[in-house]
Amino acid sequence: MQNKEEKNAYQRKWNLENKEKKAKYGKTYRNKNREEKLEHRKDYYEENKEENREYYMNNKERIIENAGKRYIRNRENILSFENKEKGREKRIEIKEKVFNHYGHRCQWLNENCNIIDSDMLQVDHTNGGGNEHRRETGLVGPRLYSWLIKNNFPEGFRLLCVNHNWKHKANMEKTEWENRKIKKEINND
Ligand SMILES: [Zn+2]
């Protein structure tokens, strides 16, 4: 009677010694089986051609709907980790291309700021049309970067670090508020 440890050791040894044999056998079996399966499927298809067509015509809507659902499911699978990684790399590449074009540093007060870190930089609409442009085109982040490349880096955009982007927005709000106040005072006079 073998104890558990001996059994495991024996199994390991056997697997190691028969590794190639097992792999080869598995492959041959799979290939043989695949051919048989394909052949069988072909025969089945030919035999039931007419019936299949009739079934399709009678259930067209449902079949198309299910195919659509299957496509969506598959698409989710396809967007697996590997593809996500590829997408990430592509997004970084696009972002860097845009940042390089716009000087790859914060442009606050003619480059008085030393921020060059990609994670801390944002594309800013110089004339302050950011919200409007965003509303019109729905473009933010990677999609905005792609848009800028596609439109050959239009004028009116610059890079700001996150802090200075906030400061810029605050300044604009302040200006707008003051303008409103002045207008009100003029009207009251
Ligand atoms: Zn800055």
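The legends below describe close-up views of one predicted model.

In this predicted model, local features need pLDDT of at least 70 and side-chain atom pairs count only at pLDDT 80 or more, while totals for chains, interfaces and linings use all residues. Residues are numbered from 1 along each chain as its sequence is written.

**View 1. The whole chain and its order of elements.**
The chain contains eight helices and two strands; helices (H or I, at least four residues) and strands (E, at least two) are DSSP runs, numbered from the N terminus. Along the sequence, the pattern reads α-α-α-α-α-β-α-α-β-α. The radius of gyration is 32 Å, well over the 16 Å that the globule rule gives for 189 residues, so the chain is more spread out than a compact globule. That radius is taken over C-alpha atoms, and the globule rule is 2.2 Å times the number of residues to the power 0.38. Along the principal axes, the C-alpha atoms fill a box of roughly 100 × 60 × 35 Å. Buried residues account for 7% of the 189 residues; a residue is buried if 20 or more other C-beta atoms, placed from the backbone, lie within 10 Å of its own, exposed if 12 or fewer, and partly exposed in between.

**View 2. Lys32 in helix α2.**
Lys32 belongs to helix α2, which covers residues 19-47. Lys32 counts as exposed because it has 10 C-beta neighbours inside 10 Å. Its C-alpha atom is separated by 62 Å from that of Val162, 130 residues apart along the chain.

Helix α5 has 21 residues and reaches 30 Å from its first C-alpha to its last, close to the 30 Å expected at 1.5 Å a residue; the expected span is 1.5 Å times one less than the number of residues. One of the 21 residues of α5 is buried, so this helix lies largely in the open. Lys95 is placed in α5 (residues 81-101) and is partly exposed, with 19 other C-beta atoms within 10 Å. Leaving aside neighbours within four places in sequence, Lys95 is in contact with Ser118 and Tyr145; contact requires C-beta atoms, placed from the backbone, within 7 Å. Just after α5, Gly103 takes a positive phi of about 95°.

**View 3. The paired strands β1 and β2.**
Strands β1 and β2 run antiparallel and are joined by five bridges; strands pair if DSSP finds at least two bridges between them. Leu121 stands opposite Cys161 in β2. Four of the five residues of β2 are buried, so this strand is largely enclosed by the rest of the structure.

**View 4. The largest nonpolar core.**
Ten residues make up the largest nonpolar core, among them Val98, Cys106, Val123 and Phe157. Such a core is a set of buried Ala, Val, Leu, Ile, Met, Phe, Trp, Tyr and Cys residues joined through C-beta atoms within 7 Å. The elements giving two or more residues to this core are β1 (121-125), α7 (141-150) and β2 (157-161). The largest share, four residues, comes from β2. Not counting residues up to four places away in sequence, Val123 touches Val98, Leu144, Phe157 and Leu159.

**View 5. Confidence along the chain.**
The chain averages a pLDDT of 85, and 94% of the residues score at least 70; pLDDT is the predictor's confidence in each residue, from 0 to 100. Confidence is lowest in helix α6 (residues 130-137), at a mean of 68, and highest in β2, at 93. Where pLDDT is low, the predicted coordinates should not be read in detail.

How values were computed
Contact = placed C-beta atoms within 7 Å.
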